[in-house]
Amino acid sequence: MSALRALGRAGLSFFERLGRGHIFLLYTLGGLPATLYRWRLLTSQVFALGVLSLVIIAVSGLFVGMVLGLQGYNTLVDFGAEESLGILLALSLVRELGPVVSALLFAGRAGSALTAEIGLMKTTEQLAAMEMMAVDPLHRVVAPRLLAGILAMPLLAAIFSAVGVYGGYFVGVGLLGVDEGAFWSQMQSAVDFHDDILNGVIKSFVFGIAVTWIAVFEGYDTAPTSAGISRATTRTVVNSSLAVLGLDFVLTALMFD
Amino acid sequence: MQNNNQELEPLVRIRDLCFRRGERVIFDHINLSMPRGKITAIMGPSGCGKTTLLRMIGGQLKPLSGSVRVDGQEVTALSRGALMSLRQRMGMLFQSGALLTDLPVFDNVAFPLREHTRLPERMVRDLVLMKLEAVGLRGARDLMPSQLSGGMARRVALARAIALDPMIILYDEPFTGQDPISMGVLLRLIEQMNEALGTTSVIVSHDVREAASISDYIYVLSGGKIIGEGTPVQLDVSDSEWVRQFMDARPDGPVRFHYPARDIAEDLLAGGDE
Ligand SMILES: Nc1ncnc2c1ncn2[C@@H]1O[C@H](COP(=O)(O)OP(=O)(O)OP(=O)(O)O)[C@@H](O)[C@H]1O
Ligand SMILES: [Mg+2]
């Protein structure tokens, strides 16, 4: 009986948070026009979220591409199809690994930082002080960060995929001796702009919205204590990773049926 | 006629205000008025709800019942837009200072100016330096909030609160952590703004003597009620036990020093098994 009650309570609080999250998003979106107008606020956030994530994105992309090159070569060479390595690399990176892995990395690197930053601003009454100065924190603090995250994510995913392709090229062509011309030309003919590239960009755009939204909401909704901030940061990483993986399944089913 | 009414109505008028935190009653039908252009002090033991009261005047907390009118407007019933424009005419010094930790002192003070006015940067600079000069921190303009002492941070927050020359300023313990010299400067600053600009001031303070020296009217809060009110002179000669205990800083008397709890002997004997 009490388990049932606990379940009910958990369900209610889940839906309550979901509702609050949507109202929060709605108010924040109201601040987007002003954010575009004050582009300095936006650029500094694009720098903090995007540029500062470049290293981890590029390094991970390189290694993922190298591993793909190695594994792909070992499998393909048994069928004498090692020249198709370029196709394998490009399609798996652009369609799946690029958007998904970079979104997971983005959640860990930038999402957690966002949550902690906004959570600390709430804990130290900075958000309350802004409200008393008639400045809406949703517009001044949250909106630029949300927009910056949404802009940065597709770019980071693209960089991840590009670096990954070069990682695979390095292993496949440079070390294992796949023919360079075949590698590039097969890739070029097999990758479709609309079906592959555009769908990959749409995916990472959706992931960008999900991850940044979860991150800023968790920060804004933090219980104003140190334990509250640490819980919120953890929740950001866990929830946005799960959201990315879940959304990836849904999007893949819709796009590549 | 209309104008006359406005003049007569106090800037802040609180009627029948009730508020509760969980089971704990913070305000139990209290009435206060803060007249225009005057300095009103609010005193009372720690935890009696002074900060809570300021937040209600600023519309950050909603009362359980009762009315809070500021400049003729019912704060509890204002739309978000109207509340924001009312707040532009309010300054609030937070008890914790609440400076924006990512911005240096200068930008903190400039923040309300940049958000709400379209003044050229040169004029913003002049205004900020004047406000910082008033609190004696013009030289600290490039420091980050983390590099300030507690008292300095509070003075920067004060400079920020007065940046837009608001019609009312709510000071939450402005004197805490100030040495006697800066305390004197702050007292004079509050008095001057009151005289020169006609600013209405509400001061929450534990420094009974200092606050009394500049205020026109004092309310003493305790246990959710107003236990005494009057001009400093009236309170000084008041023979109410409550007021006497507070004004003379006596530990014993009707005002409880302790947060509500059971008897200490009982508590200690109970061991760990609650
Ligand atoms: N967020 C909160 N949740 C629950 N209770 C709270 C909260 N904030 C304050 N309280 C309670 O409300 C009461 C009044 O708090 P308030 O901060 O207004 O006190 P205060 O008079 O400003 O005290 P001080 O002089 O120490 O600053 C306190 O008893 C406190 O325990
Ligand atoms: Mg207080």
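User: What order do the elements of chain A run in, from the N terminus on?
Analyst: They run α-α-α-α-α-α-α-α-α-α. Helices are DSSP runs of H or I with at least four residues, strands are runs of E with at least two, and both are numbered from the N terminus.

User: How many helices and strands is that in chain A?
Analyst: Chain A has 10 helices and zero strands. Its C-alpha trace spans about 65 × 55 × 30 Å along the principal axes.

User: Anything to know before we go on?
Analyst: This is a predicted model, where local features need pLDDT of at least 70, side-chain atom pairs count only at pLDDT 80 or more, and totals for chains, interfaces and linings use all residues. Residues are numbered from 1 along each chain as written, chains are lettered from A and ligands numbered from 1 in written order, and side-chain values use heavy atoms, without hydrogens or water.

User: On to chain B. What is the order of the six strands in its open sheet?
Analyst: The order is β6-β7-β8-β3-β9-β10 in chain B, with mixed pairing. Two strands pair if DSSP finds at least two bridges between them.

User: Why is one side of β6 and of β10 in chain B left without a neighbour in the sheet?
Analyst: β6 (90-93) and β10 (225-230) of chain B stand at the edges with a single partner strand each, so one side of each has no neighbour there. From one strand to the next, the twist averages 15°.

User: How many bridges join β6(B) to β7 of chain B, and do these strands run parallel or antiparallel?
Analyst: Four bridges join β6(B) to β7 (residues 168-172) of chain B, and the two run parallel. One bridge couples B:Leu93 with B:Tyr171 in β7(B).

User: Which helix packs on that sheet?
Analyst: Helix α2 (residues 50-57) of chain B does, touching β3 (39-43), β6, β7, β8 (200-204) and β9 (217-222) of chain B. Touching means heavy atoms within 4.5 Å. The direction of α2(B) makes about 155° with that of β7(B). Such angles run from 0 to 180 degrees between N-to-C directions of lines fitted to C-alpha atoms, for helices over the stretch in contact.

User: And what is the order in the open sheet of four strands?
Analyst: In chain B the order is β2-β1-β4-β5, paired antiparallel. The edge strands, β2 and β5 (73-74) of chain B, each pair on one side only.

User: How many bridges are there between β4 and β5(B)?
Analyst: Two bridges hold β4 (residues 65-70) of chain B and β5(B) in the antiparallel sense. B:Arg69 has B:Glu74 in β5(B) as its bridge partner. α2(B) packs on this sheet too, touching β1 (12-21), β2 and β4 of chain B, with its direction about 125° from that of β1(B).

User: New topic. How many residues surround ligand 1?
Analyst: 14 residues do, and the closest are B:Ser46, B:Lys50, B:Thr51, B:Thr52 and B:Gln95. A residue counts with a heavy atom within 4 Å.

User: Which element supplies the largest share of that shell?
Analyst: α2(B) does, with three residues. β2 (24-34) and α2 of chain B each supply at least two.

User: How far are the polar side-chain atoms of B:Thr51 and B:Thr52 from an oxygen atom of ligand 1?
Analyst: For B:Thr51 the distance is 2.6 Å, and for B:Thr52 it is 2.5 Å. An N or O atom in the side chain of B:Glu173 lies 3.3 Å from an oxygen atom of ligand 1. The limit for such a pair of N or O atoms is within 3.5 Å.

Terms used
A polar contact is a pair of N or O atoms within 3.5 Å; within protein, one must be able to donate a hydrogen and the other to accept it, and residues adjacent in sequence count only if both atoms are side-chain atoms.
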